[in-house]
Amino acid sequence: MKKTYLIWLAFHCIVWIFTFMDLYPFLNEWQIGSVSFFLLLVFILPLFKDREWLQTAIFSVQGVLSIFIFYPDGDGFPRYMLLIQILIMAEAVFYLSRLKSILIIAIISGGAYFTFLQIQLTAGSLAWYGLIYLLVICALLYYQTLHRKVSEVQERNDALQHEYRRMKRLLVTEEEQTRKDERMQIGHEIHDSVGHKLTALVMQFEVFRLSAEEKDKEKITALKELAQQSLEETRRAVRSFKDREVGGLQGVIRLIRKLELESFMKINFIVKHGAFAAPLTGEQSFAIYRAVQEGLTNIMKHAHTKDAQVLFESPGGSIFRFEVSNATAGKVYFEEGYGLKAMRDRLEKVGGVLEVENNDREFMIRGVIRLTDRSGKR
């Protein structure tokens, strides 16, 4: 709305500058006062953008003032009145509904016809000026028809996009709930079957140890401890199934989808050099997830744009590199806060390093982790 008003204001300034340059010496005090009131109406028009009847009244008054300001005092046609009236009709067509804009056009056309009668134009000149007004009015009404159709299509498109985003959010929520239910079901099955059997096995080992001979007790104790360790690992697995938040590289993808849907971020996700096949440990994957999450959250909160890029790559299979970046409008003051310090500490614990780059074009967070091969060597 503000941009549109400034464009119309620029049109008025251009037309009125040329008008004053030509007519100022010939205008009387009443006409100059009318010009001032006309321009005042131009400036207060945005205050009534949601009140069409007040806008209609303003355009009507402007149309009458244009006749009074340019009322002919000779036989010549006031050519500047034609420009001003076309500008008023164009604004009315742009801002108002069809019925109200036709009312403004009728008022201005009636005033122009009255002006033509006062200067006693010839039939040919009258027909010529009448044709100009007719063509302008037809063009403006045709534009209004197209503009209304485009606006209706845009409104329907916005409604469809809103419904699409709502359905996508619902789909993501349902997928997360389905995964949670599946994890809970698997966790319960493990707990009820494997967990109970391992618990019974530990108890039987203990009973057997108490009644066994002394030479067999050491072996039975070792078997009992092995069963106990298996039980503890089973319990940890069950707890991980119940954990709602999933990290790692797959978690990054779900995080990107969530931010795009809920925060309207536009994230360009790039995977190069077999990054998804990199032999990352669970701790390394989770550290990468947390780093990307922190980077995207900072962009969402502080950046002037919500466009971001996430890059995963594993050149040579010896390192894993990730980058989170977004464009900047210029180099701004940067101070490493708690989030980046925690991110750096987390990466260093899993054998990685963190770099932060801030220049005139972009702000980038880059992390590098040295990979461990299948044999356990770095």
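This short talk walks through the packed helices and the sheet of the structure shown above.

Hello everyone, and a quick word on the basis first. What we have is a predicted model, where local features need pLDDT of at least 70 and side-chain atom pairs count only at pLDDT 80 or more, while totals for chains, interfaces and linings use all residues. Residues are numbered from 1 along each chain as its sequence is written, and side-chain values use heavy atoms, with hydrogens and water left out.

Let me start with the record. Under "transmembrane region", an unreviewed UniProt entry lists residues 5-24, 30-48, 53-71, 77-95, 102-120 and 126-143. Those positions are in the numbering used here, feature names are shortened, and annotations may be inferred rather than shown by experiment. Looking at the model, residues 102-120 are 95% helix and 0% strand, with end C-alpha atoms 27 Å apart. Residues 126-143 are 100% helix and 0% strand, and there the end C-alpha atoms lie 26 Å apart.

Now to the helices. Helices (H or I, at least four residues) and strands (E, at least two) are DSSP runs, numbered from the N terminus. Two packed helices are described by the angle between their axes and the distance between the axes. Axes here are lines fitted to C-alpha atoms, for helices over the stretch in contact, and angles run from 0 to 180 degrees between N-to-C directions.

Take helix α2 (residues 29-44) and helix α3. Their axes come within 10 Å and cross at roughly 155°, so α2 and α3 are roughly antiparallel, a label for angles over 145 degrees. The crossing is left-handed, meaning that the near helix is turned anticlockwise from the far one by less than a right angle. Contact means heavy atoms within 4.5 Å; here α2 contributes residues including W30, F37 and F38, and α3 residues including I58, V61 and F68. That contact divides into 12 nonpolar, three polar and no charged residues. Nonpolar covers Ala, Val, Leu, Ile, Met, Phe, Trp, Tyr, Cys and Pro, charged covers Asp, Glu, Lys and Arg, and the others, Gly among them, are polar.

Next along, α3 (residues 52-69) packs with α4 at about 170°, axes 10 Å apart, and this pair is therefore also roughly antiparallel. Among the residues that meet are E52, Q55 and F59 in α3, and E91, A92 and Y95 in α4. How many charged residues does the contact of α3 with α4 have? It has two, along with seven nonpolar and five polar.

Then α4 (residues 79-95) packs with α5 (residues 98-119) at about 165°, with the axes 8 Å apart. These two are therefore roughly antiparallel, and α4 passes α5 in a left-handed crossing. The contact includes M81 and I88 of α4 and I104 and I108 of α5, and its residues are nine nonpolar, three polar and no charged.

Let's move on to the sheet. Five strands form an open sheet in the order β1-β2-β3-β5-β4, with mixed pairing; two strands pair if DSSP finds at least two bridges between them. Which strands are at the edges? They are β1 (266-272) and β4, each pairing on one side only. The twist averages 10° from one strand to the next.

Strand β3 (residues 319-327) pairs with β5 in the antiparallel sense over nine bridges, and S325 stands opposite M364 in β5. Strands β4 (residues 352-358) and β5 (residues 362-370) are antiparallel too, over seven bridges, and form a hairpin with three residues between them. In that pairing, L354 stands opposite G367. Finally, helix α10 (residues 338-349) lies across β3, β4 and β5, running at about 150° to β4.

Terms used: Parallel < 35°, antiparallel > 145°, perpendicular 65-115°, else oblique.
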